[in-house]
Every structure is written in structure tokens, then in C-alpha cells.
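Here are my notes on the ligand site and the pocket around it. Have the structure open while you go through them.

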Amino acid sequence: MSSRPPDQQQRANQAVSAGNRIDLAGLRRMKAAGRKFAMLTAYDYPTAILAQAAGVHSLLIGDSMGTVLLGHESTRNVPLALMLVLGEAVRRGAPDVYLIGDMPYEAMVVNDNVALDAARRFCDEAGCDGVKFEAASDQVGLVERLVSAGIETTVHLGLRPQSVTNREGYRAQARDAASLADLVADARRMTAAGAAMLLLEAVPSEAAQAVVAAVDVPVVGCGAGPACDGHVLVTQDMLGMSGIRPPRFVPVLAEVGKLCGAAMRRYVEAVSSGAYPAPEHTYPMRKQPASPSTTP
Ligand code: KIV
């Protein structure tokens with residue numbers, strides 16, 4: 001927690017965001033300069049604060065919260081209303097990152113009007129810079145509608161988890177010449193329709209390289225090898241907190257889950273043994289002034 005008074009802290013935040021806020025143009029400049037950008041998922045305020053302070057360029061309010069946060073088998077059961085509330089918290093914690101709202105399944109399965117409305121709400125209510133959606137080849141029209149509404153749209157290709165209903169369905173895509181060619185064709189179509197960025201999930205490095213060569217927008221990889229302009233990971237996977245063995249492309253950079261487990265076990269022991277609460281964890285009574293009747 002900051003030790004500054006709230007108004008001073010707010011002014012400091014505004015000063016940073018005025019000068020340092022990362023926008024799409026900034027990510028494009030990084031691509032042009034050959035500098036890679038780092039994106040992570042975030043579903044809450046403390047994670048957002050840590051990510052921005054660590055220099056993460058972009059955060060994704062991912063529908064992976066369905067599996068990671070809510071414990072579902074698939075990413076389909078994530079209410080838009082929940083994503084908006086949590087997204088707003090992420091924006092409060094990270095005012096300067098390029099923030100993307102991930103279009104949940106419920107917003108994608110009705111019609112394009114519903115999708116457009118959800119995308120607007122991500123920008124208006126959660127303060128997102130843009131949205132991402134998992135696109136089928138025939139969804140070029142939706143990209144055009146989002147873009148003409150002024151919404152910066154990242155198109156997610158390759159493995160599309162909303163099309164998967166159990167853990168066995170998570171398989172790498174575009175692993176043969178024909179499906180690689182389809183991927184590149186989709187990438188061209190989506191960028192011609194105005195996609196601001198592409199996100200490729202679980203495809204071979206060669207496929208990502210072909211897409212990067214075919215389009216001029218930034219390409220974000222999620223298990224797509226080194227050619228991509230930026231990379232995204234699910235934060236809890238990277239921190240060893242998701243309770244499952246993460247996919248092969250995820251480097252587990254800290255064992256936060258183990259640390260938390262050990263701390264919780266120490267807490268249980270301390271409560272059970274009576275070591276907690278100790279005197280330093282308790283409130284003393286206020287000292288009473290001596291009453292006249294007891295004064296000699
Ligand atoms: O929801 C999510 O976290 C994602 C990433 C895996 C790219 O879409």
C-alpha cells in the first residue's frame with residue numbers, strides 16, 4: 001500500500017499516465033523498432049499493480065478466468081458482468097498499460113449487435129483500450145463492425161479455447177502445410193478488415209513466422225514461438241499458482257502456489273497450537289485515568 005496521502009498518490013498516478021501510458025501506437029513503434037512487448041493476464045487490482053510496476057506493457061482481462069479463477073472446465077462460463085467489474089479493478093491498478101478486454105462466450109454466440117455492445121462496455125465501463133475475440137474465418141464482418149465503431153480489435157487465431165469443452169481439446173493448431181496456409185489466409189483477411197493486432201495461440205514457430213511476414217500489425221504469441229512481436233502468458237500459470245501442469249510454452253518463473261500453501265499451513269499450525277494470536281496481534285485496553293476515590 002502507498003504511504004502517500006490519497007490525493008498526492010492520485011496526482012503521481014496521473015503524472016505517470018499522462019507521459020507513460022502505452023497505447024496501440026506505442027506497441028506498433030515497439031514492433032517497428034524490433035522491441036518485443038510483454039503481455040500478461042490480470043483479473044484483479046493487486047495483480048495489475050504488480051504487473052505495471054514490473055514494466056508489463058499490456059494486460060488482458062482474459063476469459064481464462066473461467067478456468068483459472070472460477071474453476072470451470074472451459075472458458076465458456078464467464079459472465080460479461082463479472083469481467084467488467086474485474087476489468088475496472090485491473091484498470092485502477094494499472095492505469096498505464098494497454099488494456100484489452102477478452103470477449104466472453106456469452107457475448108459471441110448471439111449476434112454481432114450483442115458482441116458490439118459488449119465491446120463498447122469493455123471500453124466505456126472497464127476502461128479498456130480495445131478488445132480481443134476468438135475469431136472463426138467467417139467473422140471478418142464483426143471485425144469491420146468493431147473497427148468502424150472505433151474499437152481497437154485484436155483477433156485471436158490458432159487454438160481458440162471457447163471452441164474447446166474439455167481439457168483434452170487443448171491442442172496445437174496449424175501443424176501441417178494446409179492448415180498453416182489457412183491460418184495465414186485468415187490473418188490476412190482479419191488485418192485487411194482492420195484488426196489492430198493478432199494473437200496466435202498454440203501454433204508452431206514456423207506458422208507464427210509466416211503470419212508475422214504476411215501482416216504488418218503486431219502479432220502476439222501465446223505458445224507461438226519467437227517470431228511474434230509480443231508474448232502473453234496466463235499469470236497464474238507463470239507463477240505456479242494454477243494447480244495444473246501448465247502447457248509446454250509456459251515458463252514457471254516462481255512457485256507462488258507452494259509459498260502460499262506453506263504460509264497457510266503455518267497459519268493453521270499457529271492457530272491450532274494457540275501460538276496465534278500472540279500479544280503483538282492484540283489490542284490493549286486504553287489506560288484509564290485514576291479515579292478520585294482511589295487517590296490517597
Ligand atoms: O483468456 C486468455 O487468457 C487468453 C490468453 C490465453 C491468450 O485468451
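1. Starting with the shell around the ligand: by class it has five nonpolar, four polar and four charged residues. Ala, Val, Leu, Ile, Met, Phe, Trp, Tyr, Cys and Pro count as nonpolar, Asp, Glu, Lys and Arg as charged, and the others, Gly among them, as polar. In total 13 residues surround the ligand, with T41, D63, S64, D102 and K132 the closest; a residue is near if one of its heavy atoms lies within 4 Å.

2. A quick caveat: this is a predicted model, where local features need pLDDT of at least 70 and side-chain atom pairs count only at pLDDT 80 or more, while totals for chains, interfaces and linings use all residues. Numbering runs from 1 along each chain as its sequence is written, and side-chain values use heavy atoms, with hydrogens and water left out.

3. Now the polar contacts (pairs of N or O atoms within 3.5 Å). A polar side-chain atom of D63 is 2.9 Å from a ligand oxygen, and a side-chain N or O atom of K132 also lies 2.9 Å from an oxygen atom of the ligand. For D102, the side-chain N or O atom is 3.0 Å from a ligand oxygen. The protein covers 95% of the 260 Å² of accessible area that the ligand has on its own (Shrake-Rupley method, 1.4 Å probe).

4. Where does the ligand sit? Look in the largest pocket; sitting there takes more than half of its atoms within 2 Å of the pocket's grid points. A pocket is an open set of points on a 1 Å grid over the protein atoms alone, where a 1.4 Å probe fits, with protein on both sides within 12 Å along at least five of seven lines; lining residues have an atom within 4 Å of a point.

5. The lining of the largest pocket has 19 nonpolar, nine polar and eleven charged residues.

Conventions: A polar contact is a pair of N or O atoms within 3.5 Å; within protein, one must be able to donate a hydrogen and the other to accept it, and residues adjacent in sequence count only if both atoms are side-chain atoms.
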